[in-house]
Amino acid sequence: METRYNPQQIEPKWQKVWAQMQLDKVNNDAVSAANSSQKKKFYALSMFPYPSGDLHMGHVRNYTITDVIARYKRMQGYQVLHPMGWDAFGLPAENAAIDRNTHPAKWTYANIANMRSQLQQVGLSYDWDRELATCSPDYYKWTQWIFLQFLEAGLAYQKEAKVNWDPIDQTVIANEQVDNEGRSWRSGAIVEKRKLRQWFFKITDYAEQLLQDLDKLTDWPSNVKIMQANWIGKSTGAELSFLIVGSDEKITVFTTRPDTVYGVSYVVLAPEHPLVETLTSPAQKEAVSKFIEEVKNLSEIDRTSDDRPKRGVAIGASVVNPFTGKEVPIWIADYVLFEYGTGAVMGVPAHDVRDFAFAKQYNLPIQTVINAPNATGEELKAAYTESGTMVNSGEFDGLDSVTAKTKIIELAESKQWGTAKITYRLRDWLISRQRYWGCPIPVIHCPSCGIVPVPHADLPIALPEDVELTGRGASPLAQLESWVNVHCPKCGTAAKRETDTMDTFIDSSWYFLRFADAKNDQEIGDRNAINNWMSVDQYVGGVEHAILHLLYSRFMTKVLRDRGLLDFDEPFTRLLTQGMVQGLTYMNPNKGGKDKWVPSALVDPKDPKDPKTGEPLQALYATMSKSKGNGVSPEVAIAKYGADTLRMFTLFKAPPEKDLEWEDADVEGQQRFLNRVWRLVTSFAETKQNGISKKVDKNLRRAIHIAIKEVSEDFDGGYQLNTAISEMMKLSNALQDAEDKSSATFLEGVETLLTLLAPFAPHIAEELWSAIGHSDSIHLQPWLTHDPDALTVDEITLVIQINGKVRGSLQVPSSASNDKQALEEYARSSEAAQKYLESKEIKKVIAVVGKLVNFVVV
């Protein structure tokens, strides 16, 4: 056996052995049996990666956290499903293929092969037999099948709509893929608005379920649930109708504050509202047209941002407020969006902050209709938005505004002026993409039959390989006539395929189901296998997916449940959102944009200056990224330190949910710890050959079982993996300090240390387990249970003080620890008391149970 710890030698050796043993493989018969007995299943899953080409430290941290949990659960006796796959469709692959003059599939599969090799170097315990890639026809066949399920259920539809158009990637993107600056989340381009015929999934039909079922997710972080609730955005109020003066038509608004309707001083339409063109007066035509053109260039974020002044223009028309009988003007304004609500709002300046600012800017009337409890009658200096007493509101004067809200809705319904209404901020999911590298939408457009679903037997509709990819213009599929032109499967007429591909979030919204039966070519998966493994017991990934991926996955699960495939409501029982990995980063404060970041490799940390300009640089920790030049390659780190050291560092430096700062000194600290464990155990392996004594070391045994108890609690109490490693370090120290390193207790301690270490540092634990004489894998050992009797303390240390100063200590029976009289007697008989109390008068004795005795003397 190696006398020196050499991870570069032992790690590949054990990875090969484990693969040959199929140590991490699990079969569906086992989970079926487990669910019908006392033995349970556990599904551990990390959010699968996009195959960009190389792992980064964020991947390593995410996957190591999940791997430790999976290994722990296996040792607890669970049947564990721990798979890995690839979120492989999408624009980056297509763009990379264009740049490299190759096919997206070739580029993608080469990246997958490289990243799979890198994952294997980390020692992750995946069942590789279940590996999947969303770009593989045997996967997207079932993505297309799911689309047809939505179509049959009336949840997939096509309509012409204003969409977010990315002018660089030349494609439509969803609202959620536009950042807070109005830029595409992928290309960074300012997003434009265009009208196109698009496919949508009717997620709004499930808005209330998605909101209510958040309460079932008791093991999700509260901030994620809040983000989803806010995105769904339930609002309770009323729709009220205002008759247009000189017309039979009405403008309907939605409001959560019908109690303020008597204070309406104007109504606002979205500039895109179809009524604007017909209602605008000749005198206002020029001003309105000019304003509409200006708004076209603004992003949705710009239009609705609270920190921008709101702009608008009157169109020269009016409506009648049915509650007051008074006419109020119609305006258009940039902050009203046609896609949200009814595309119209009522302006109540006295009781809405935005309306108050707008009214002040354009000198519109401000009518108070709700008084604050201590109202003085003075002119409002700001909008009053709380509840209060109704005034200037006809028959409702004097009522509290909460009661008035209900009564006003009742009046509106009785007079047919409006109705109670619940709305949601959530919009239907736009799934169309005008690019090649995505899942084709399985429908055919027939001039006679309309939209015709592709028969299930004809799936998958495979992507053609003979396409020309330029990255510009219409979809590459739309330009390939040999693929587009087909016969209608219903009537045989010449027809055309749908040329849009699906949003890649569809691929990732069901992949966790496929892992349950990943190689099934007859159906999406065996129903029993899927329902036996699901829901995912522990899901691990970044908080940046709180809205997009997690919400869509929940929606997909509920639809497939209603289609009879699933017997559960939620896909992920427990969610852990791990923190980012940050690296030492250098920034030139005199530069802007991406130019301000200076790669760490080009900077002397002792004298950080811009290598191009010589200007001083600011040093900070920031999330590792290529653009900042602050990343550390996992491959380089593994070559230098070993995978186990890298795993231990990512787990020890910070709790899983917190950000982690990469520092070489801390990595080296973990390497030193593993070296100490190596020396400790290899030395014992030699000692063990001379025989093991039956001597019991009570103090060491207590340390052993404290470690078992604390590490188990760290796992079960929220995966506090950093403190679990601290407990192992304590046990290692206790073993190092043990007087008898050939005792049965010492052997128990070494085996315990390696067993506790196994999920964290699997290679070194396996090597040392073998070194002390075991032929079976440490990863097949049962998790340990602490012995409560071993934790019992036979003696306590009693501190002796004279006038508050410590003068000594002695061991006394723990049975006396709560007896003040007994503690005083032990203290008086101690050597320290005999020495310091001689010739002294004791004025007072203070005994603190279980701790000390203090003699006050003169």
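## Strand 7 and its partners

Lys 162 has Lys 195 of strand 7 as its bridge partner. Strand 5 (residues 156-166) and strand 7 (residues 192-201) run antiparallel and are joined by 10 bridges; pairing of two strands requires at least two DSSP bridges between them. Strands (E, at least two residues) and helices (H or I, at least four) are DSSP runs, numbered from the N terminus.

Strand 7 is also joined to strand 17 (residues 429-430) by 2 bridges, again in an antiparallel arrangement. Here Phe 200 is partnered by Leu 430 of strand 17.

## Basis of the model

This is a predicted model, in which local features need pLDDT of at least 70 and side-chain atom pairs count only at pLDDT 80 or more, while totals for chains, interfaces and linings use all residues. Residues are numbered from 1 along each chain as its sequence is written, and side-chain values use heavy atoms, with hydrogens and water left out.

## Aromatic contacts

The whole structure contains 37 aromatic pairs, counted when ring centres of Phe, Tyr or Trp (its six-membered ring) lie within 6.5 Å, with planes under 30 degrees apart stacked, over 60 edge-to-face and the rest tilted. Phe 201 and Trp 429 form an edge-to-face pair, because their ring centres are 5.7 Å apart and their planes stand at 90°. Since Phe 201 belongs to strand 7 and Trp 429 to strand 17, this pair ties together parts 228 residues apart in sequence.

Phe 201 is buried, at 0% relative accessible area (buried is under 20%, exposed over 50%, partly exposed in between, with a 1.4 Å probe and protein chains only). Trp 429 is likewise buried, at 1%.
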